[in-house]
Amino acid sequence: MIMDAQEYGYRMKPLVIPGVLYIILYPLLIGGILFLYTLPELYLLILSGIYTVSILLILLIWLTAKTKRIVIDNHAIIFRSLFRKKTFEPKDIRKAAFFWTKNNEEIVMLKAGNNKVYYLTDLYFPYNELLTDLEEFIISHNIRSNLAAHYGIN
């Protein structure tokens, strides 16, 4: 079966909401503390530095997550982000394991030949299509997996 290359993006919502809350609430909290107590200027400078560094780290995390992608085509699975690109051909993947968490969420674990483990969760969108394409890739390239046991197929 010939499969077109499919690209799946990383969902930003789980990262954006806590980041925005921090960016808004931190100055309000520190402003309230400064209003109630007279803090030395050194403390204010330290707290402002922490806030600035935190905002820069949040922006870096957002940028990295926004560029995070998985591409599945006939010949490879490609993990891309702002800072790196990893390509796994079928011969590079030792095992694919599908399992359920206690919260009934499906997770895929890919073991690569370089003893690295990669996890795919529902943070990638659209996750159901990603699972379907990954299952087709695994079956078509005869990669060792627990698909039959996972879905109760004999």
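In this predicted model, Tyr-22 is found in helix α1. The residue is partly exposed, its relative accessible area being 26%, a value that falls between the 20% limit for buried and the 50% limit for exposed residues. Setting aside neighbours within four places in sequence, Tyr-22 is in contact with Pro-27, Ile-50, Tyr-51, Ser-54 and Ile-58. Thr-132, by comparison, lies 110 residues from Tyr-22 in sequence and 36 Å from it in space, C-alpha to C-alpha.

The view can now be widened to the helix pair. Helix α1 spans residues 13–36 and helix α2 residues 41–66; the two pack with their axes 10 Å apart and at an angle of about 170°. Angles over 145 degrees count as roughly antiparallel, and α1 and α2 are therefore roughly antiparallel to each other. On the α1 side, the contact includes Leu-15, Val-16, Gly-19, Tyr-22, Ile-23 and Tyr-26. These meet a set of α2 residues, among them Leu-47, Ile-50, Tyr-51, Ser-54, Ile-58 and Trp-62. Sorted by class, the residues of this contact comprise 18 nonpolar, 2 polar and no charged.

Strands β3 (77–80) and β7 (117–120) each supply at least two residues of its lining. The lining residues include Tyr-10, Lys-68, Arg-69, Phe-79, Arg-80, Arg-84, Tyr-118, Tyr-119 and Tyr-124; Ser-81, Thr-121 and Leu-123 also belong to the lining. In terms of class, 6 nonpolar, 2 polar and 4 charged residues line this pocket.

Methods. Residues numbered from 1 in each chain as written. Predicted model: local features only at pLDDT ≥ 70, side-chain atom pairs only at ≥ 80, totals over all residues. Heavy atoms only, no water. Axes fitted to C-alpha atoms, helices over the stretch in contact; angles between N-to-C directions. Helix = DSSP H or I, 4+ residues; strand = E, 2+ residues; numbered from the N terminus. Parallel < 35°, antiparallel > 145°, perpendicular 65-115°, else oblique. Contact = heavy atoms within 4.5 Å. Nonpolar A, V, L, I, M, F, W, Y, C, P; charged D, E, K, R; others polar. 1 Å grid on protein atoms, 1.4 Å probe; cavity = no way out; pocket = protein on both sides within 12 Å on 5 of 7 lines; lining within 4 Å. Buried < 20%, exposed > 50% of the residue type's maximum accessible area, 1.4 Å probe, protein only.
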